[in-house]
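Visitor: Could you walk me through this model and tell me what stands behind each label you use?
Guide: Gladly, let us look together.

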Amino acid sequence: MYRIRFHGRGGQGMKTASRILGSAFFLEGFEVQDAPRYGAERRGAPIFAYVRAARAAINERGIISRPDLVVVADDTLVPVPASGVLSGIGARTVLLINTTQNTSAWQQRLNISGPVITLPASAEVEDRADLPYIGATCAGAAARLVGVIARDTLAGAIRTELSALGAGVIDRNLENALQAYDIMQAHSGLVREGSMTSAIKYAHPDWADLPFDTARISAPTVFATANSVEVRTGLWRTLRPVVDYSRCNHCWWVCSTFCPDGAIAVDTDGKPVIDYDHCKGCMICVAQCPPHAIEAVSEEQAQRDTTTGETP
Amino acid sequence: MSRTLLTGNVSAAWGARLAGVDYVPAFPITPQTEIIETLAGWIDSGEMAGRLVTLESEHSMITAAGGAATTGVRVFSATSSQGLLYAMEMLYTVAGWRTPFVLVNVSRGLSAPITLESDHNDIMAARDCGFLQIHCASCQEVLDSTLLAYRLAEDTRVRLPVIVNLDGFYLSFTREPVEIPAADAAAGFVGDFDPQNARFRASTPESQAVAVLGGSPYSYFRYETHLASLNGLSVYDEISAEFSATFGRNHPAVEAYRTGDADYLFVMLGSFATKAREAVDRLRDAGWSIGLLRPRLLRPFPEESLRRLLAGRRGVAVIDQNLSMGKGGVLHGELLGALYGHPQAPPVVASFIGGLGGRDISAEEFYEMAQTLRQAADTGRTPPPRLLYTRDELREIRKLQAVAHQEREELHR
Amino acid sequence: MTGTKASIRRMKDLPSTHLLGTGTPMCAGCGGLQALHEIYDILGEKTVFVNAAGCMTLLSVYPFTPFRGSWLYTAMASSPAGAQGIRDALDILRERGELPAEEDLQVVVLTGDGAAYGMGLSATSGAMERDLDFIYICYDNEGYGNTGQQYSGATPHAAKTATSRGAHGFAGYKKDLFSIWAAHRPAYVGTVIGAEPLDLAHKIETVKQLRGPRMIIALAPCPTGWDYDPGESVNIGRLAVRTGIWPLKEYIDGKVVHTRIPRGRLPVEEYLKTQGRFAHLFAPQRDDALLAELQARVDAYWDGVTS
């Protein structure tokens, strides 16, 4: 059975990617499961979708814990533990990353033994949440990596899955997906079917006998206050608002009030300070700043500049 | 101690009054309404402290009950039938809040067809919600069980809401002699409500009943509620023993009537079980070795007690005053689950459905069920489930149908 | 209510520190969260929020909460009844001397439009008829947002939603919840929007000093459900006011007063064209008839406004 996970951000079309690949497998005569994973995910938040494909009936269900292929549409997610990109990756798992960096850089950075393949980010866009057609592109690359999906089959799957979107959109997706398919030629068949969990030798689940806890402990009650700050919603951000303090008027009541998340604090000098751990990158502050002193920059660029010591 | 004639409804109201409830969110429904009218009368006249508020639905009523209990006051409410079902979402919800309070349900058959009379499908629908359930067979039990219910609900080993169930008409509107405990004795038994840390105060903010994401935390919270409910078995034994010592009335988790040497047993819930008790006496007069088991606790299910009490019998007749469509009697299935695989399990556990919508169960029917049991035990063959319904009744329904269909048939003639 | 001295008169007077915690799972650019955090800054932490099922149910997900005060999630239909139980219990404790005044709380219902305009309307009506001393905040994003923006009783005419995808969008009309609420003669009914924080602050300050049912509807521009870039939330909110689509008003002392009468009202299409949900009014061809109808309805509303 093939087990494939697609990781991206809400809005990048990971569900579409899983559906295109699922359809392509199906058209090739496979039994298929494809599904997105929904939770409290919002636009920009890390999400994933998955595909199973096998020649026989598929009995396995739910999240894929031991993937044969992991496709990452947005490389800023790779180092984020909460995104789960690296979850369950073994020596034979192929990691395909849509990135401008090269394979060895990723292998070194992640310290993993399995194959890492990069999909050269075809269109560099300012806002990663708007990555155009990336879902289909990822599906195209994945289709070639498994080596059992013909080019025409992939095209047919894209036409089926995107039929509601109109000819123009389908054509762009086809172009990108087939290009990705062709780029992966050298790696065709690299992804191999994984085995089923053996019943002969297996890791025994360490079941616990749940102790009775009084309602003081076992009611779903939170006694802390405002501890949601421990949740780093800054991870959702694909664009970063950056204040140019040389132009800032110190009219903090505008940006600080309008920020839906209350992620703009005011320091003692009346200077607005953006909390990047929590700013979700909505860019309302950029749109509302009277002297246009807040600029939107690509989060990826901003992070790269930060690690290289440059100030954005 | 003197006794007074009280209806089951007024007995329930007395239970609430003696428990010193602070708050009564209410909504009228037959045959429960007398309970809230009685409480409203006492509160208006100043005989009882507390506040009664009529909500606009049972769904809201249970929400308000949970809201007040989470804020730290003692709450009582009452409903019946359709009202219990209308509140169903909130029954599950407030049980998950782990808020103790007491709800009296006056059992009444469910629509459709709509009826006012009693059976247990309403309370069975609430079987899995997390509320504990005490089923009563007399007006005295209704009062006493309400006091017991507060102790059970508020015990730190439980902390769950409790339903006290009584049958519509057969108890709700039926007066029986009831001993009303002295106010100070009742207050002493029930004690003060300690909300512990489940309460809203400015200096100790808390977020109650928050959402979870994912099956793992969900499993924990749900299973803890189950464990708390199971704790109710031993807690109930403790407090009912204390009640017995204080008031001289014994209300065990399972009533066992003339079961000591009995080869055969009836198993029943609620007020109709007193009919079975009478039948046991008459059958014993006729030389039968027979008794009655009546679970008062349905949740938590007193599985061990029932298993022990049923062990070694020749045959058991479970008489369900409810009907799970497409399955049969609910108690019958639960009992079989408790008995399966136990070496001394009775070879015959027969299912009878009776008393739906308040339909009577006659003495002769109890005798006939006993005969059926004996034949089954002799042959070793369990009979198929039987609805208690006579040919006369069938003839009557045919007559009604003839009237109901008459006009249409004339039109088509 | 007269004689209330507002402490917030200019934008400068708005709070510079924010009480509601960051890190909530609301969408980037959420107009509802914007209104809530502005409201919370003024209501403060001596509050218990009673929530109905909707987007904001996810504000408190175990073990996290953004609130500095208290919270209770109830169910979709009955959060005003939850507020009733809590208020009554607090009153009982106050009367018994077991709750000092400084420990008391404002009880605040927080629901989306799905609950407020539909399933929860009966419970809301009941709470008002019982003169419950509470504040009700509806964040109105004009559809069942948390399930993917299906139309609700709050959806405006012609809007495309997940369940009104036809060529003309939603066939129904937005329910006038303000008037339905006001017909109950509660202490206060007001409309607000996060994009007009000064107007919002005045109203919440007023509400804070009143007793009885105090009802607030906050129009909540929703980038996800209305299909626009999240950075536009405030611009779109302002346009809702300036085109007259979202009248800022209050019902108080038995009278309805508009707190902002837009002078030189902009054409409604200035608002409509900013959102994907109305894109079918402009492309592939302009739907002049429908645009004229929408404009006429807004014009008719304002023709009847004298104060």
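Guide: Chain B is assigned two domains, domain 1 (3-247) and domain 2 (258-392). This is a predicted model, in which local features need pLDDT of at least 70, side-chain atom pairs count only at pLDDT 80 or more, and totals for chains, interfaces and linings use all residues. Residues are numbered from 1 along each chain as its sequence is written, while chains are lettered from A and ligands numbered from 1 in the order in which they are written.

Visitor: What makes these stretches of chain B domains, and how far apart are the centres of domain 1 of chain B and domain 2 of chain B?
Guide: The bounds come from an automatic or database domain assignment. Taken over C-alpha atoms, the centres of domain 1 of chain B and domain 2 of chain B are separated by 28 Å.

Visitor: How many residues does the contact take from domain 1 of chain B and from domain 2 of chain B?
Guide: Two residues are in contact if their C-beta atoms, placed from the backbone, lie within 7 Å. On that basis 26 residues come from domain 1 of chain B and 21 residues from domain 2 of chain B. On the domain 1 side, H9(B) gives the most, with 5 residues. Helices here are DSSP runs of H or I with at least four residues, strands are runs of E with at least two, and both are numbered from the N terminus.

Visitor: Why is H3(B) described as largely enclosed by the rest of the structure?
Guide: A residue is buried if 20 or more other C-beta atoms lie within 10 Å of its own, exposed if 12 or fewer, and partly exposed in between, with C-beta atoms placed from the backbone. In H3(B), 14 of the 14 residues are buried, so the helix is largely enclosed by the rest of the structure.

Visitor: What span should the 14 residues of helix H3 of chain B have?
Guide: The expected span is 1.5 Å times one less than the number of residues. For helix H3 (residues 58-71) of chain B that should be 20 Å, and its end C-alpha atoms are 20 Å apart, which agrees. After H3(B) comes B:Gly72, with a positive phi near 105 degrees.

Visitor: What makes strand E9 of chain B and E2(C) a pair?
Guide: Two strands pair if DSSP finds at least two bridges between them. Strand E9 (residues 207-208) of chain B and E2(C) have 2 bridges, in the parallel sense, which meets the cut-off. C:Trp71 in E2(C) is the bridge partner of B:Ser207.

Visitor: How many of the residues in chain A are buried, as a percentage?
Guide: Of the 312 residues in chain A, 46% are buried. The secondary structure of chain A comes to 9 helices and 10 strands.
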